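Here is a briefing on one chain.

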Amino acid sequence: MAGHSKWANIKHRKGAQDKKRAKQFTRAIKEISVAVKEGGGADPEANPSLRNAISNAKGVNMPKDTIDRAIKKASGADADNYETVTFEGYGPNGIAIFVECTTDNTNRTVASLRSIFTKNGGSLGTNGSLEFLFDKKGVFVLEKEKIEMNLEEFELELIEGGATKIEKEDDLMTIYTDFNDFGMMSSKLEELNIETKSYEVQRIPLNTVELPVEDAKKILNLVEKFEDDDDVQNVYHNLDITDELIEAMEAE
């Protein structure tokens, strides 16, 4: 789990400075659109899903006026009609890959993902075939500098709010909760007046598979190809992210 969150944070910092920012904005806008339609309207005070989507949009440095326009468009009569779909399959060396998408054309998305799997030595599976390999967790990422209270006291408050694991990496803190405690932790952080960099439900692998670095790099490159697809929101896998692998990927 630590390797996965460390690599995600490294990618986040790198992504904010390169061409991936446009894709991050597109995904954030889709998340806002779905939240407005399915979560209960355009008022973030009354719509927890929208509050979450706005927080994640801020986490990729989306300007406030862009966020406001996305909310306004999503609540209008001409809003895009997105739906959330998931896909499961295997990459090379039996690595399980779970892909979450938001799309306005499911047929296009299926064809695109099947092509990525097939061209990279993998195969698209049936829905439900891999879900048991992952555990849904609440994941909250905070910037340490925004925590003003004593750190030990803060961690006790987090445990009271449902934290099952707390990881510290450089300037960030990652908090994990059981899926059912996601709302309780959100409320706890609001109560403590702590602004999150991002908070979302993620699929954490129950067990990971370690591969030789060169084979593992191919899996992360495959994951990146999925992430480059405009319909893809999140990609989860059970590859073991070792320190050696992270060093090799950062060196590229």
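Buried means under 20% relative accessible area, exposed means over 50%, and partly exposed lies in between (1.4 Å probe, protein chains only). By that cut-off S198 is buried, because its relative accessible area is 19%. This is a predicted model: local features need pLDDT of at least 70, side-chain atom pairs count only at pLDDT 80 or more, and totals for chains, interfaces and linings use all residues. Residues are numbered from 1 along each chain as its sequence is written, and side-chain values use heavy atoms, with hydrogens and water left out.

**Residue S198**
- S198 sits in strand β7, which spans residues 198–205.
- Leaving aside residues up to four places away in sequence, S198 touches S55, N56, V139, F140 and V141. Contact means heavy atoms within 4.5 Å.

**Fold and dimensions**
- The chain holds nine helices and eight strands. These are DSSP runs numbered from the N terminus: helices are H or I with at least four residues, strands are E with at least two.
- The radius of gyration is 18 Å, close to the 18 Å from the globule rule for 252 residues, so the chain is as compact as a globular protein of that length. The radius is taken over C-alpha atoms, and the rule is 2.2 Å times the number of residues to the power 0.38.
- Along the principal axes, the C-alpha atoms fill a box of roughly 50 × 45 × 35 Å.

**Packing**
- Buried residues make up 45% of the 252 residues.
- Of the contacts with a separation of 6 or more, 71% join residues 24 or more positions apart.
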